[in-house]
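Please look over the model below. My notes follow it, as numbered points.

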Amino acid sequence: MTAVLPALVALLAAVANATGTVLQRLAARTVPEGDAFSVRLVRHLVHSPAWLGGVAVIVGAAGCQALALTLGSLSLVQPILVTELPFTLLIACAVARRRLPAAGWAASLMVAAGLGLALVAAAPVGGRDQVSPGRWTVTLAVTGAAMTLCVLGALPRSRGRARAALFASASAIGYALTATLMKAATGVFDDRGPAAFFGAWQTYAFVAAGACALFLLANAMESGPLVASQPALTLGEGVVSLALGMLVYGERVRTGWWLVPEGVGAVLATWGILLLPGVDPEGGEPAAETTDRGGPP
């Protein structure tokens with residue numbers, strides 16, 4: 001029963017994140033391509049009610065995520081956020097007034113069933129509360145380098161699925177790092193109160209990492225359709241978060257014969273995620289695949 005409440009709060013965060021992502025995509029589709037990855041992109045988006053609404057919802061989702069991380073382990077909470085992907089497609093289809101095809105429902109059920117099986121079998125539990133400065137240094141260096149490589153891979157490309165996926169991958173790493181830092185900051189709040197929370201470097205680091213991830217997500221939304229960015233975003237965030245939970249906090253999952261249902265669940269969830277890009281809630285965007293930088297957004 002102790003895992004039920006953080007799981008439910010994490011599920012609420014996934015729904016809120018999905019809603020925010022759809023709103024951000026609606027706003028990003030109006031951005032001129034020349035404004036990508038620049039201050040002009042931010043200037044354009046802050047005048048969009050849809051984007052501001054999406055940010056507000058995502059901030060609320062971050063609050064739910066912080067609560068879930070306070071109640072449960074990183075290895076439990078973050079994989080549940082993978083359900084953001086099917087929720088995103090459902091909400092996007094509703095906004096576009098399109099029916100989610102049978103293949104979309106089947107893939108969504110595969111994600112949910114696989115994730116549920118893997119988490120029940122793994123039964124993740126928390127590890128250490130204190131993280132050494134050396135471990136933080138390595139974590140920040142590795143995640144920062146990985147994000148930089150993804151961005152460098154995306155920048156030379158014109159709009160399209162590859163660019164969207166690379167920016168989304170960088171954003172996924174940023175959000176996983178944000179959650180890792182957020183768990184440390186909320187732990188300080190629980191142990192030593194508000195004054196220590198606002199005095200902890202992790203508090204400002206998770207805000208900075210979250211802002212960076214949000215900017216990269218805006219670029220992913222501007223670069224291509226949701227079906228190109230969302231699988232990389234949700235699967236990447238779940239996998240990186242699980243790894244960081246084990247490496248940074250020493251969180252543990254069950255081993256032995258439990259590895260069999262864990263593996264089956266992981267394969268089932270991944271298979272569903274890889275099938276979902278074939279479901280396009282936006283009705284196709286041929287312009288997003290062109291290399292003509294002068295074409296329509």
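1. The face of α7 turned away from its buried side carries exposed residues: Thr137, Val138, Val142, Leu149 and Leu152. Exposed means over 50% relative accessible area, buried under 20%, and partly exposed in between (1.4 Å probe, protein chains only). Helices are DSSP runs of H or I, at least four residues, numbered from the N terminus.

2. This is a predicted model: local features need pLDDT of at least 70, side-chain atom pairs count only at pLDDT 80 or more, and totals for chains, interfaces and linings use all residues. Residues are numbered from 1 along each chain as its sequence is written, and side-chain values use heavy atoms, leaving out hydrogens and water.

3. The buried residues of α7 are Trp136, Thr139, Thr143, Met147, Cys150, Val151 and Ala154. Down the helix axis they fall within an arc of 100°, so they line one face of α7. The arc is taken over directions from the axis to the C-beta atoms.

4. These buried residues pack against α8 (161–192), α10 (201–223) and α11 (226–249). Contact means heavy atoms within 4.5 Å.

5. Thr143 lies in α7, residues 133–154. Its relative accessible area is 5%, so Thr143 is buried. Leaving aside residues up to four places away in sequence, Thr143 touches Ile173, Leu177 and Leu244.

6. Elsewhere, Leu11 sits in helix α1, residues 4–28. Leu11 is partly exposed, with a relative accessible area of 32%.

Methods
Helices (H or I, at least four residues) and strands (E, at least two) are DSSP runs, numbered from the N terminus.
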